[in-house]
Amino acid sequence: MRPLLLFLLAALTACAGPSVASGEKGGLVPLRLDAADLSRAYTPRRLALLVGVSSFDDPQWRDLRFSAKDATDLGRVLKDPSRGHFDQVRVLTRPEETTKEAILAALRQLRREATRPDDVVMVYLSAHGTLARDGRGELTRYLVTRDASYRAIPQTALSMDALKAEFEQLPSRRRLLVLATCHSGSGKSLLPRELEVELAGIKSGFYARPLEDSSRASMVFAASDWGETAREDAGLRNDIYTYFLIEGLGGAADRNGDGAVTATEAHDHSRRRTFAFTEGRQRPSAEILEVGADPVILAGRIDRTGQPELFSYSPRLDGFTLKVDGESRLELPGGAAVGPGRRTVELTKGDTVLMRREVDVARGERLPLERLLSEAIPRRALSLVGGMVSFADGKSRRELLPAAPQVGVVLRLEDLPLQDLGLMVDVGLGRGRRTLQVAPGSEVPFGYTTLTLGAAVPYLWRWERLTLFAGPRVAALYLRRSFEVEAFSGGQRYFTVSPGVVGGLAWRLGQRLELTAQGHGMLTYVVVDGQGQAVGFIGGHAGVGYRF
């Protein structure tokens, strides 16, 4: 937007200038632009909005001792030219600044100011959290603003859905949301009594973690994991997570030694220190979507090439231990700096070794562990399976073909044509003899041949050794029956191509072998006694696969 305004200004200046010669309707004049102004127009801005809600109108909400101080202390670091060097830091702590509408207005103002995709934007909120049922009866998380009413939470507090919607509308692709709050019912959280009674009978995993859903290129940090308590500490005189976050911005979090503290480095430092300080009772969480280098620098400047880094923030790898050259470095999520050169990288959990690889890492490289894992586990599998095929309805089984055994092969290609999609091709063959019951006490023997050929594009869900898949399938069915009885001697053939579905699972036994099972169904068209009809044709197979 700013470069466009400069261009328009230049154009207007040229058009409005004096003519070069008498009688001309226009002319060119020298245009001088200040180089510093032009550079500033193209330089990404660094903006922060920090909110600390310490006092509340409704006496049911107890005051927080350090929320305003949290925002002020963090703002001081971000403004510091030697540390955060942010261009604009807005700190909202006064009562008139911490209402629901004031916070929403500040977020909308931030959207108008952070107009470039490469602007760095940080939003921080320190306050009470709570839970309540919204107008649809769904359990929803809320940020307790100064004017929130204890008895009318959905109408007066700021829902996390609304906060997240405003955050996602920021034009910046380098944005960070930090939430020093919780919704557990203790610490920096309060729940209405009736909701506490209701939740007491529900297991701890009762509610998904909607806040940690992140949009493209956004990071969401929470001071505690879902269901845990975020705490203030009188000795630290801050929210615990915020205290160690500020400590990290002073340089302690620069794990790769490049001179800058990125958002992920700061969070990892605070997460580890918070976990140790609370003796494991508070585990800060993060959902991070980034490609390549962490684009959000919170403090310092990159003035040298850093050490190589290995990292993962994928929920699929939570709880795994990263080992480098046989030494345990950290429990995921998080990252660790390693020395350049050839390294042996392992992911383990207890006695389970998920991955062991030799990799070469260079200075300045950031290597996602998901990529190593993806490269370590072959994404192609060829399986030998056996099972049964049959018509879905009893009438067709009696008149056409009873359930019949079949053997086949299945080729599965993962992450094709897109990430988390697969391409599957299966071939099945069955031959044998069966009997048809044409009348009570009267059976007719016949021989049969079945041949199926299917192609599917299923979606893949993967957890450690388990892969689930399901999706659409198109299949061809060939069925041949041959009769050798006095009344009739000859054969019948059916061939159809029909849509259907497939679903199944694969369990890896090691790097190469897997057990697999799948079921599929199709709606096919057959002709019986001269009349066509649509019938379901189903099958189930299981077997052993080899990854390559």
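**Reading the features**

Q: Is Asp415 buried or exposed?
A: Buried is a matter of relative accessible area, and the cut-off is under 20%. Asp415 has a relative accessible area of 16%, so this residue is buried. Keep in mind that the model is predicted.

Q: Where is Asp415 placed?
A: Asp415 sits in the loop between β22 and β23. Its phi is positive, about 60 degrees, although Asp415 is not a glycine.

Q: How should I read a positive phi?
A: Most residues other than glycine have a negative phi. Arg237 also has a positive value, with phi near 60 degrees. This residue belongs to the loop between β9 (232–233) and β10 (238–239). Its relative accessibility is 46%, so Arg237 counts as partly exposed.

Q: Which residues does a cis peptide bond join?
A: The general idea is that most peptide bonds are trans. In this structure, Leu332 and Pro333 are joined by a cis bond, with omega about 10 degrees. Pro333 is in the loop between β16 (327–331) and β17 (334–337). Leu416 and Pro417 are also joined by a cis bond, with omega about 5 degrees. The loop that holds Pro417 runs between β22 (404–414) and β23 (422–439).

Q: How many helices and strands are there in the protein?
A: The protein has eleven helices and 29 strands. Of its 548 residues, 49% are buried. Take contacts between residues at least 6 apart in sequence: 64% of them join residues at least 24 apart.

Q: Which residues of α4 are buried?
A: Among them are Ala102, Ile103, Leu104, Ala106, Leu107 and Leu110. The charged residues Lys100 and Glu113 are on that list too. In α3 the buried residues are Ser67, Asp70, Ala71, Asp73, Leu74, Gly75, Val77 and Leu78.

Q: How do I read two helices that meet?
A: Look at the distance between the axes and the angle at which they cross. The axes of helix α3 (residues 67–79) and helix α8 (residues 240–252) come within 10 Å and cross at roughly 10 degrees. Angles under 35 degrees count as roughly parallel, and therefore α3 and α8 are roughly parallel to each other. From α3, the contact is made by Asp70, Asp73, Leu74, Val77 and Leu78; from α8, by Thr242, Ile246 and Leu249. By class, this contact of α3 with α8 has five nonpolar, one polar and two charged residues.

Q: What does Gly75 touch?
A: Gly75 lies in helix α3 and is buried, with a relative accessible area of 1%. Not counting residues up to four places away in sequence, Gly75 touches Leu50, Val89 and Val91. The C-alpha atoms of Gly75 and Val51 are 24 residues apart along the chain and separated by 9.8 Å.

Q: With which residues is Arg90 in contact?
A: Arg90 is in strand β2 (residues 88–92) and is partly exposed, at 24% relative accessible area. Leaving aside neighbours within four places in sequence, Arg90 contacts Ala48, Leu49, Leu50, Ala106, Gln109 and Glu113. Arg90 and Leu49 are 41 residues apart along the chain, yet their C-alpha atoms are separated by 5.0 Å.

Q: How many aromatic pairs does a search of the whole structure find?
A: The search finds six aromatic pairs. In one of them, Phe311 and Tyr313 have ring centres 6.2 Å apart and planes at 40 degrees, so the pair is tilted. Phe311 counts as buried at 6% relative accessibility, and Tyr313 counts as buried at 7%. Tyr459 and Trp461 have ring centres 4.9 Å apart and planes at 65 degrees, so that pair is edge-to-face. Tyr459 is partly exposed at 34%, and Trp461 is partly exposed at 38%.

Q: Which residues do ring pairs link into a cluster?
A: Tyr243, Phe244 and Phe277 are linked in this way.

How values were computed
Residues are numbered from 1 along each chain as its sequence is written. This is a predicted model: local features need pLDDT of at least 70, side-chain atom pairs count only at pLDDT 80 or more; totals for chains, interfaces and linings use all residues. Side-chain values use heavy atoms; hydrogens and water are left out. Buried means under 20% relative accessible area, exposed over 50%, partly exposed in between (1.4 Å probe, protein chains only). Helices (H or I, at least four residues) and strands (E, at least two) are DSSP runs, numbered from the N terminus. Axes are lines fitted to C-alpha atoms, for helices over the stretch in contact, and angles run from 0 to 180 degrees between N-to-C directions. Angles under 35 degrees count as roughly parallel, over 145 as roughly antiparallel, 65 to 115 as roughly perpendicular and the rest as oblique. Contact means heavy atoms within 4.5 Å. Rings of Phe, Tyr and Trp (its six-membered ring) pair if their centres lie within 6.5 Å; planes under 30 degrees apart count as stacked, over 60 as edge-to-face and the rest as tilted.
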